[in-house]
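Here is a briefing on one protein model. Look over the sequence and the fold, then read on.

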Amino acid sequence: MTLRSAIKSFVISALFALAAEPVLGQDLLARQAPIDRRAKKLDSIEVSHFAEKENLQSPAAKLYGDEWDNRYAHRSTALPDSFVINLRHFCMPTPSRVVTSNFGSRWGRMHKGLDIKVYIGDTIRAAFSGKVRIVRYEANGYGNYVVIRHPNGLETIYGHLSKQLVSENEQVRAGEPIGLGGNTGRSTGSHLHFETRLCGVALNPALMFDFRNQDVTGDYYVFNRRRYDSESDLATRARGKVGNGGYSSEQVRGGYAGSDSGERIYYKVVKGDSLESIAEKNNISVDQLCRLNGFRKTQRVRPGMIVRCA
């Protein structure tokens, strides 16, 4: 190699080294720079918002996959052995605190939800954010009803509505009005029939919702197949219908809990009562009695029923 060639090689190597030095220096500075934890937190928030948006567009995808069928109110599939249900960011479907019928066996049939005392026209709200799967009428069952699928895995059903305020495939937020209380379908007196289902299987709403205290039972409910039956029984005893048709004596005298006026008057039906006799005892007309309770004039009353008389 000539002297000229050696000098040329040296100059080229030096140029490459000088060009690489800033890059190496930048890498070194990058490794030594402190982590911007605030920016990292903001990134995490942005990612969680994106995930929430995706979840709303495809609710409970892990449990239901791509299945989205508007034909059936519920179709049972295999339940997981355990599943964590997020109960945060909820809204009570109604401010009424009165449970008139429990989850479980009733009159020889399985009653798969809770009945909550509401009146025709009372606002019914979505319990969680989600997507409306069904808005339909069923004459021999739910009457006017709404089914909503939620990102936490639950589906909630709201039955016997006088009117539905949402449409199928509509996205709703927790607390948005989705219907008005009523007495449609297979119903004796105006009330809300409220169901909570996981994979189409009815779970006792009292495990998650405490209507008397207008709250959920915790931030999460952990469903476990082995413990479910015993937990459901305990939940009914703690938060279900209690005595006097589900009404306390104070509620019968002064209005159902949650009433702002305190002027509502109720009557407990005794053996031999009819709409006519109840109306006469309370100095109102049969038409008024029917209007207050959402009854038809052919309504039969049973001992123990509570009817509103003012």
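Is Cys309 buried or exposed? Cys309 is buried, because its relative accessibility is 4%. Buried means under 20% relative accessible area, exposed means over 50%, and partly exposed lies in between, with a 1.4 Å probe and protein chains only. The model is predicted: local features need pLDDT of at least 70, side-chain atom pairs count only at pLDDT 80 or more, and totals for chains, interfaces and linings use all residues. Residues are numbered from 1 along each chain as its sequence is written, and side-chain values use heavy atoms, with hydrogens and water left out.

**Overall make-up**

- The protein chain holds seven helices and 19 strands. These are DSSP runs, numbered from the N terminus: helices are H or I with at least four residues, strands are E with at least two.
- Of the 310 residues in the protein chain, 43% are buried.
- Contact means heavy atoms within 4.5 Å. Among contacts in the protein chain with a separation of 6 or more, 67% join residues 24 or more positions apart.
- The protein chain exposes about 17,400 Å², and carbon and sulfur atoms supply 52% of it. Areas come from the Shrake-Rupley method with a 1.4 Å probe; for residues, only the protein chains shown count as cover.

**Cysteines**

- The whole structure has zero disulfides. A disulfide would be a pair of cysteine sulfur atoms within 2.5 Å.
- Cys199 counts as buried because its relative accessibility is 2%.

**Nonpolar cores**

- A nonpolar core is a set of buried Ala, Val, Leu, Ile, Met, Phe, Trp, Tyr and Cys residues joined through side-chain atoms within 4.5 Å.
- The largest such core has 38 residues. Tyr158, Ile178, Met208 and Phe209 have the most contacts inside it.
- Elements giving two or more residues to this core include strand 5 (114-116), strand 9 (154-161), strand 13 (192-198) and helix 4 (228-239).
- A second, separate core has 13 residues, including Ile278, Leu289, Phe295 and Met305.

**Ala206**

- Ala206 sits in the loop between strand 14 (201-203) and strand 15 (209-210).
- Its relative accessibility is 0%, so Ala206 counts as buried.
- Not counting residues up to four places away in sequence, Ala206 touches Leu114, Thr217, Ala235, Thr236 and Arg239.
- Phe103 is 103 residues from Ala206 along the chain, and their C-alpha atoms are separated by 8.0 Å.

**Strand pairing**

- Two strands pair if DSSP finds at least two bridges between them.
- Strand 7 (residues 130-138) pairs with strand 8 in the antiparallel sense, over seven bridges. Ile134 has Val147 in strand 8 as its bridge partner.

**Helix 7**

- Leu289, Cys290 and Asn293 are buried in helix 7 (residues 286-293).
- Seen down the helix axis, the buried residues of helix 7 fall within an arc of 95°, so they line one face. The arc is that of the directions from the helix axis to the C-beta atoms.
- These buried residues pack against helix 6 (275-281) and strand 19 (306-308).
- Gly294 follows helix 7 and has a positive phi, near 70°.
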